[in-house]
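Colleague: Please take a close look at a single part of this model. Start there, then connect it to what lies beyond.

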Amino acid sequence: METARVLVAADKFKGSLTAVLVAERVTAGLRRIAPEVPVETLPVADGGDGTVAAAVAAGFERREARVTGPLGDPVTAAYALRDTTAVVEMAEASGLQHLPEGVFAPLTATTYGSGELLLAALEAGARTIVFGVGGSATTDGGAGMLAALGARFLDADGKPVGPGGGGLADLASADLAGLDPRLTGVDLILASDVDNPLTGPKGAPEVYGRQKGATEEDIAVLDAALAHYASVLGPDHARLPGAGAAGGIGYGALVALGARFRPGIEVMLDVLGFAPALARATLVITGEGSLDEQTLHGKAPAGVAAAARAAGIEVVAVCGRLALPPEALGRAGIRRAYALTELEPDPAVCMAEAGPLLERAAENIARDFLR
């Protein structure tokens, strides 16, 4: 019989455990029941928040920069670097996590700090930049990011337009000639689990504006402002998959920085060295906080399961809550899912006690698959 080897490649449990802590807890539970089985951990992310942490866990160096936050105040943002490859997470500079509790700025929040973070990666010698976009507080089409990189967005009087998506309604001309020339020598990969266009019924303001505090009126204003912005910069790129990612920062990267869009989990599995780790495994454990319909559309567990299935390796999943029937899990390549709510039906307790519960779930996996 083949010697069992486990690979734990799970995403974070949002609000409870980082991907690194998920891996630690699963490993602890497995070892309690099957101490002789080797366990390798590879925390994963799909381009959204947690992407830099996953890269650092895989051996990248963590770097920090002081940049402009979404409200204009300075914040400390991290990126990851290994040789000439950088992993930059826009949420580190322009994410919802930088907004005070209950404070939103849907019309004025800026991605300027994301541009400064890309500049920091350039300064550090990056020639390939994986730009993970997600979890943004912004809907400015990446105009702030491009301004930090040297672009100019002017109104009819030749003055810079105001910050955020709202300011783009006043845009009369865009000058991209001042963009940092080093950008032309960089392979910029737009990594996202979102393939929405920039505007319209499936666009950034309509689909994601409300979670950033936008009212129905704000959404209409932002959609019109972004459509106007795209008419100035290039309307064709606005319809590309990923243009609507992170409040339209995807559009800015595609139209002005020559970025190429790839599903975030695919990029991150490449960057993290998933293929060689998978080749060593006989069982893969993946997961995230909620296994639901969204999981099937480009989230980390679906990407891990697809790669493992292609290699003929069995996959099980851990999650906080499970909202997928067994058939859907099977189609995704997941043999079985272990939800914390099966052990503790109260969601609040599940969130608070996620670590110990996850260890118990891992013990059950060991009993079912390693014994």
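**Arginine 5 and beyond**

Arginine 5 is partly exposed, at a relative accessible area of 33%; buried means under 20%, exposed over 50%, and partly exposed in between (1.4 Å probe, protein chains only). This is a predicted model, where local features need pLDDT of at least 70, side-chain atom pairs count only at pLDDT 80 or more, and totals for chains, interfaces and linings use all residues. Residues are numbered from 1 along each chain as its sequence is written, and side-chain values use heavy atoms, with hydrogens and water left out.

Arginine 5 sits in the segment before β1 (6-8). Strands are DSSP runs of E, at least two residues; helices are runs of H or I, at least four; both are numbered from the N terminus. Beyond four places in sequence, arginine 5 touches Val37, Pro38, Arg280, Ala281, Thr282 and Leu283. Contact means heavy atoms within 4.5 Å. The side chain of arginine 5 also reaches the backbone oxygen of arginine 280, at 3.1 Å. Valine 284 is 279 residues away from arginine 5 in sequence, yet 8.7 Å away in space, C-alpha to C-alpha.

Now the interior. Serine 192 belongs to strand β9 (residues 187-192). Serine 192 counts as buried, at 1% relative accessibility. Its contacts, leaving out residues up to four places away in sequence, are Asp46, Val133, Ala245, Phe261, Arg262, Pro263 and Gly264.

Phenylalanine 131 also has contacts beyond four places in sequence, among them Val88, Met90, Leu188, Ile189 and Ile249.

Definitions and conventions
A polar contact is a pair of N or O atoms within 3.5 Å; within protein, one must be able to donate a hydrogen and the other to accept it, and residues adjacent in sequence count only if both atoms are side-chain atoms.
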